[in-house]
Each structure stands twice: as structure tokens, then as C-alpha cells.
Amino acid sequence: MDSDVQIGLEDVSYSFGKGALEKQILFDIGTQIKGGEIIILTGPSGSGKTTLLTLIGALRSAQKGSVKVLGQELLNAKEKVLIQVRRKIGYIFQSHNLLDSLTIHQNVQMALQLGGVKNRDGKERIATVLQRVGLAEHEHKYPRELSGGQKQRAGIARALVNRPQIVLADEPTASLDKQSGRDVVELIQDLAREDGSAVIMVTHDSRILDVADRILHLEDGHMKSLSEVVSEGTSRMLNLLEKHDPNAANYLATFSFALARIAYADGEVTDTERDEMRRILNEVAKLEPAEVEFIMEMSMMQKRAKSRIDNRIKNPTLDTEHAEHFLNSLYAIAQADGKATSEELVEIEAIAAEFGLSSTYGQADIASGDPKPGP
Ligand SMILES: Nc1ncnc2c1ncn2[C@@H]1O[C@H](COP(=O)(O)OP(=O)(O)OP(=O)(O)O)[C@@H](O)[C@H]1O
Ligand SMILES: [Mg+2]
């Protein structure tokens, strides 16, 4: 195993129950996760996400395959080994799981003691971690005196105070409103990056998928590849859109994919480029933020998976006004992070050629970066 790999799963299967009542929940799961990587685990209710998390967390044992965590094989491992591994993992649950009769400070302190740190060395560690999650002023309050988001932050402080090499979070934002959910996830992301911990986070919230380095998807206990998920999701979206308005669907799919191609042309998509894509999609199609996010994810992943949007889609013929807007938008993405790179310009030329457009359209307007709305 690569020394960087913190979690290695091979052909992992898991069943609940025995004999006639046996029900297989996970089938031949395999993946490797490195230190510092942030993985988001998605999938419908009952697909086996929590079960997989508890196998990695040494909270139950798989019956088949190999589960290597921090260099230890957990399959058929002794309880002593499981306990050792558990100490190096930080768990964050849907509900914060704080003890109501203890203050925030005492809750975190208890986790520290379970991790084997002496009281004397603990004070500073607790102060630091509460500072990091923004609860320094609340350390002597009881959980009932805090908001939902603050309690979840305290749960994170408790999970991270031992500086775990692995963080497992099961729907950490489920009980939070949109903004506190986002804050909590970004906090986990920052802390994990600082400490170089591997993070696996289960979520149903598609708005936070962008914090992931990699998205794993479970369906009925099977791990699905990104391209499978993307092509299914894309055809579903296009079918929906087509029923609604076939022309708009065609334009939107082609347009958003073209934006993603430009943003990806130089190998990475910056936050500024993403924001610019959001802005354009929102203006062009008058979509709700959630729809914009969905299309962003779809077109980005489509590009990432390097597969062309469905063959059924033919490039629409654009009139002058739309052609100009189309190209302006591509330039706006290319320029969003300051300057259009040569790779981005080449990609614009290529797309323009595919649409039979002259790529000089709209170049005069680049500076304004303000495309007119499309159809
Ligand atoms: N202790 C148990 N005994 C028997 N079956 C169980 C047990 N825990 C979970 N299951 C079953 O295993 C399957 C997967 O459950 P799991 O909790 O892993 O799903 P999940 O993907 O986390 O779902 P959710 O998104 O609803 O949390 C479900 O069919 C569930 O009913
Ligand atoms: Mg679950």
C-alpha cells in the first residue's frame, strides 16, 4: 500500500443478520483514500453510507475483503487493534452528541482524556481547538445555551481535539440551516487541510459537493463510478428539461458544457471561474440558485469525466445576437481569473469552429465581461 494511503478498501462486502435473515448491504467496495483528501460520500437513503463509514471507523467488521486503516487490517482484527485505530479517528455525527450535563469545555476535555492526554497538557489544546471552531467565548456554556450551528461546531472541536488522522462525518449539516451548514463544512475542510487528515463526509446536500476532492457514490450497496452517475444524472436532467422546453434544454446543455470546457481548458477551475459560470447561467437562463448549482455540477463533472454530452444533442444554430453572447460568455470565463491563457483561447477557437462561428465575435467586448441574456 502506498504510504500516503490512509484508508484502503478492497472487495469489501457486508451483511446484516445471519442465515435466512441475512441481508447483504455492501457489495465489493474498493477505493483508496490518502491523507489530506476530502471525500464526499453520496447515495440514496439506505444505500449503505453509514454502514460503510462504520466499517472504516472500526465500529463494526466486514465479513469479506480487506479494510486497511492507518496501516492496520481491520478484517478479523482483535478488539485491541480496533480500539487503537478508533483512537486515531475523529467522528462527527448528524446530531452533535454532546453531553448535556457538561460544559462545552468539559465535553471536549472528555474526548481528550479518552484519547489519553493528561489533564495538565490538555488545557491549551482545548483552548486552541475551541478558538479554531470559533467557540472560545462559549467554552463555559452548556449545550442547551448554544445554537444548532454552535453545538455542531462543539461536536467538531470534540472530534478534532486529538488531531485525528482520519475524520468521519455522517451528515454533519443535516440539522443546520443552509449558511451554518456551509460554515460547518468549510470548517471541517480547513481543519483537515491544516492537519493533513483524510476526511470522509456523508451528505445529501448537493450544495456542498464542491468542497470534495472526490465524490464517491453508493447505490444499493454498490459503488458507482463518477461517469456512470454523471451520465445517468445528465440524461435525467435533460429529459426533464426537454419535457419542459426542448429548445431551451438543448441550448442550456450545450451552453453550460461549453462554459465548463473553457473553465477546464487549463486543467483546473478556479473559484472565480466558478462564480462567473454561476453568474452567467443565472442571467442567461433565469435559473434558481439550486438549478444553477445542479447544472454546474453536471457540466463540470461531465468535463471531468471527459465524456461528451449525450450524442442526441446537436449543436443548435445560433443567430448573430446569440452567437455573440455565447462567445462573450466563453471569454468571460476564460478571463475570470485575470487573464485568458493560451489553452483557454485554443478551446474557445475549437468550440467556435464546432458551432461554425468566427471566434473574433465579441472579442471587442471582452473587457466589459457582461454578456447579454440568451434565449
Ligand atoms: N443494525 C442493522 N440491522 C439490520 N439492518 C440494518 C442495520 N442498520 C442498517 N441496516 C440496513 O442496511 C441498509 C443500509 O443502511 P445505512 O444506514 O448504511 O444506509 P444509509 O445510506 O446511511 O442511509 P441514510 O441516508 O438513510 O442514512 C438499510 O437497508 C438498513 O435498513
Ligand atoms: Mg446514514
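In E8, which residue is the bridge partner of valine 167?

Mentor: The bridge partner of valine 167 in E8 is valine 199. Please keep in mind that the model is predicted.

Let us begin with burial. The side chains of a regular strand alternate between the two faces of its sheet. In E8, Ala198, Ile200 and Val202 point one way, whereas Val199 and Met201 point the other way, and all are buried.

Next come the strands that pair with E8. Strand E7, residues 166–170, is joined to E8 by five bridges, and the two run parallel. The pair of valine 167 and valine 199, with which your question was concerned, belongs here. Strand E3, residues 38–42, also runs parallel to E8, and four bridges join them. Isoleucine 39 stands opposite isoleucine 200 of E8.

A helix takes part in this arrangement as well. E7, H6 and E8 make a β-α-β unit, and this unit is right-handed. Helix H6 comprises residues 178–195.

Consider now valine 199 itself. With its neighbours within four places in sequence left aside, valine 199 is in contact with Ile38, Ile39, Val167, Ala169, Ile188 and Ala192. The largest nonpolar core has 59 residues, and Val199 is among those with the most contacts inside it, together with Val108, Ile156, Ala157, Val167 and Ile188. Helix H6 gives the most to this core, namely six residues. Apart from this core lies another, of 32 residues, which includes Leu252, Tyr264, Leu281 and Leu330.

One of the contacts of valine 199 is Ala169, which deserves attention of its own. Alanine 169 lies in strand E7. A residue counts as buried when 20 or more other C-beta atoms lie within 10 Å of its own. Alanine 169 is therefore buried, because 26 other C-beta atoms lie within 10 Å. Beyond its neighbours within four places in sequence, alanine 169 is in contact with Ile92, Ile188, Val199, Met201 and Val202. Alanine 169 and leucine 53 are 116 residues apart in sequence, yet their C-alpha atoms are 8.4 Å apart in space.

Helix H1, residues 49–56, gives the largest share of the shell around ligand 1, three residues. The residues around ligand 1 are Phe16, Ile25, Gly43, Ser45, Gly46, Ser47, Gly48, Lys49, Thr50 and Thr51. By type, this shell divides into two nonpolar residues, seven polar and one charged.

The protein chain has 12 helices and 10 strands. Of its 375 residues, 38% count as buried. Among contacts between residues at least 6 apart in sequence, 72% join residues at least 24 apart. Elsewhere in the chain, an open sheet of four strands has the order E2-E1-E4-E5 and antiparallel pairing. Its edge strands are E2 and E5, each of which pairs on one side only.

Technical notes. Residues are numbered from 1 along each chain as its sequence is written. Chains are lettered from A and ligands numbered from 1 in the order in which they are written. This is a predicted model: local features need pLDDT of at least 70, side-chain atom pairs count only at pLDDT 80 or more; totals for chains, interfaces and linings use all residues. A residue is near a molecule or strand if its C-beta atom, placed from the backbone, lies within 6 Å of it. Ala, Val, Leu, Ile, Met, Phe, Trp, Tyr, Cys and Pro count as nonpolar, Asp, Glu, Lys and Arg as charged, and the others, Gly among them, as polar. A nonpolar core is a set of buried Ala, Val, Leu, Ile, Met, Phe, Trp, Tyr and Cys residues joined through C-beta atoms within 7 Å. A residue is buried if 20 or more other C-beta atoms lie within 10 Å of its own, exposed if 12 or fewer, and partly exposed in between; C-beta atoms are placed from the backbone. Two residues are in contact if their C-beta atoms, placed from the backbone, lie within 7 Å. Two strands pair if DSSP finds at least two bridges between them. A crossover is right-handed if, with the strands pointing away from the viewer, the path from the first strand over the helix to the second runs clockwise.
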